[in-house]
Amino acid sequence: MKIETVPIPEAGLNSIIDDNALQPSDLEIAIVGATGAVGAVALELLAERAHPADKLRLLASKRSHGKQLEYAGQMLTVQEATPESLDGVDVAFISASSEVSLALAPEAVKRGVLVIDDGSAYRMEPDVPLVVPEVNGADVEWHSGIISIPNCTTTPLVMALAALRGLAEITSVTVSTYQSVTGTGAAARTELLNQSRNMLADNDLPPPTQYPHRIAFNLLPQVDDFVDEGYTKEEMKMLNESRKILGDNDLPLAATCVRVPVEISHCESVTVEFDAPISVNDARVAISEFPGITLMDNPQDSLYPMPSNSAGEDQVMVGRVRRDIAHENGIVFWLAADNLRKGAALNALQIMDECVKRNRVRPRVSAAA
Ligand SMILES: NC(=O)c1ccc[n+]([C@@H]2O[C@H](COP(=O)([O-])OP(=O)(O)OC[C@H]3O[C@@H](n4cnc5c(N)ncnc54)[C@H](OP(=O)(O)O)[C@@H]3O)[C@@H](O)[C@H]2O)c1
């Protein structure tokens, strides 16, 4: 895919960029999908940063046009997301669906908007950086208008792998995920809660709408559709996105993705093999020193990451770090990360910060003649 870019407009942002004094709070931001699970957290995070309300556009589907959402103590009105609704915007976070991203992102780029896309539509395109700032922040340098964030299971995994790969060469990764329902969106959370209430009241359950089976008091060894060789799309995303972010096209990685009846936070059990022995202590130190990761590892006191202590937190939490007793050079660990924060909205905001820091809110080269 070649992304069409346009000449940089003369007014507005450029004058700020030229004097290198741009701050994230100077930017006119649009959130496409403001009424969704990720959009709600993006609003929370922007409010925490005191981003000015008059530099914020809340966009969603036609259904939500006119709806009021609370932002930092005031009510803002949602508009329908259309190409024209992006006129004058500096950065658009698209957190809706692949179809919306495919329709709106090129329109945004034509208007000189930097798109930070939460969906999977552009992640594997060669001219779209796929970024976790702590791991490959420098990749924002070569964007042409669109930057993608990874899948919410890939992000914490590549952070842990990036922490460990300085110790020895990684020769294989085996991961099983335990993914919360908000990874599917706001409607899946409602379904989990409704099914749970009905089951506790001994009521009949309506047929599931979000998953092939009920999720309450159950777990599903299927996240997304099955594709090749018995793997699901989600499992293949973990492989392909990890390879792209880590810049290692041969990284051997096998994932099993499981949906669990948890509201927020994805957990992962990870086994990493290396080409040489590494000590558990070295692994703990490398993990604890990596930006964005907190080591929470005191099994004697039952202290380890869980959805209940990682939901609402910005850090990826890693614990249960131990020697792999089945493989000579292996390390086994467990992690948890808030899928709506570091798995989505927070990572997207950090990408914007990285672009501001590197003076790359606009693409380096404008392709237009
Ligand atoms: N949830 C996660 O943990 C997570 C993590 C990483 C990435 N993502 C990605 O983020 C995106 C959003 O996920 P989510 O969990 O927030 O989903 P969600 O809760 O289902 O929200 C979907 C949002 O998209 C909006 N939308 C739907 N159709 C639209 C249209 N035609 N034009 C404009 N907006 C439209 C919805 O607006 P209405 O309310 O008007 O329908 C709503 O705001 C997805 O691409 C997902 O893959 C999610």
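What follows is a chat about the overall build, the ligand shell, the domains and a few single residues.

Trainee: What kind of model is this, and how are residues numbered?
Mentor: It is a predicted model: local features need pLDDT of at least 70, side-chain atom pairs count only at pLDDT 80 or more, and totals for chains, interfaces and linings use all residues. Residues are numbered from 1 along each chain as its sequence is written.

Trainee: How many helices and strands does the protein chain have?
Mentor: There are 10 helices and 13 strands. Both are DSSP runs, numbered from the N terminus: helices are H or I with at least four residues, strands are E with at least two.

Trainee: And why is the chain called as compact as a globular protein of that length?
Mentor: Its radius of gyration is 21 Å, close to the 21 Å that the globule rule gives for 369 residues, so the chain is as compact as a globular protein of that length. The radius is taken over C-alpha atoms, and the rule is 2.2 Å times the number of residues to the power 0.38. Along the principal axes, the C-alpha atoms fill a box of roughly 60 × 55 × 40 Å.

Trainee: What share of the residues is buried?
Mentor: Buried residues are 46% of the 369 in the protein chain. A residue is buried if 20 or more other C-beta atoms lie within 10 Å of its own, exposed if 12 or fewer, and partly exposed in between, with C-beta atoms placed from the backbone.

Trainee: Let's switch to the ligand. Which residues are closest?
Mentor: The closest are Gly36, Ser61, Ser64, Gly119 and Gly185, out of 29 residues that surround the ligand.

Trainee: How do the shell residues divide by class?
Mentor: They divide into 13 nonpolar, 14 polar and 2 charged. Here Ala, Val, Leu, Ile, Met, Phe, Trp, Tyr, Cys and Pro count as nonpolar, Asp, Glu, Lys and Arg as charged, and the others, Gly among them, as polar.

Trainee: Okay, domains. Where do they run?
Mentor: Domain 1 covers 13-150 + 344-357, and domain 2 covers 154-180 + 219-339. Those bounds come from an automatic or database domain assignment. The C-alpha centres of domain 1 and domain 2 lie 27 Å apart.

Trainee: How many residues of each domain are in contact with the other?
Mentor: 12 residues of domain 1 are in contact with 15 residues of domain 2. Two residues are in contact if their C-beta atoms, placed from the backbone, lie within 7 Å. On the side of domain 1 that touches domain 2, α4 (133-136) and α10 each supply at least two residues. By class, that side of domain 1 has 7 nonpolar, 3 polar and 2 charged residues.

Trainee: What about α7: how does its span compare with what it should be?
Mentor: Helix α7 has 14 residues (233-246) and should span 20 Å at 1.5 Å a residue; its end C-alpha atoms are 20 Å apart, which agrees. The expected span is 1.5 Å times one less than the number of residues.

Trainee: Which residues of α7 are buried, and what covers them?
Mentor: Among the buried ones in α7 are Glu234, Met238, Lys244 and Ile245. Their cover includes α4, α5 (154-164), β8 (170-179) and β9 (253-259). Just after α7, glycine 247 takes a positive phi of about 65°.

Trainee: Which other residues have a positive phi?
Mentor: One of them is serine 265, with a phi of about 105° although it is not a glycine. Serine 265 is in the loop between β9 and β10, and it is buried, with 30 other C-beta atoms within 10 Å. Serine 302 also has a positive phi, near 55°. Serine 302 lies in the loop between β11 (293-295) and α9 (307-310) and counts as exposed, with 7 C-beta neighbours inside 10 Å.

Trainee: Last one: where is valine 270?
Mentor: Valine 270 is in strand β10 (residues 266-274). Valine 270 is buried, with 24 other C-beta atoms within 10 Å. Leaving aside neighbours within four places in sequence, valine 270 is in contact with Leu157, Ala160, Val173, Val175, Phe333 and Leu335.

Key
A residue is near a molecule or strand if its C-beta atom, placed from the backbone, lies within 6 Å of it.
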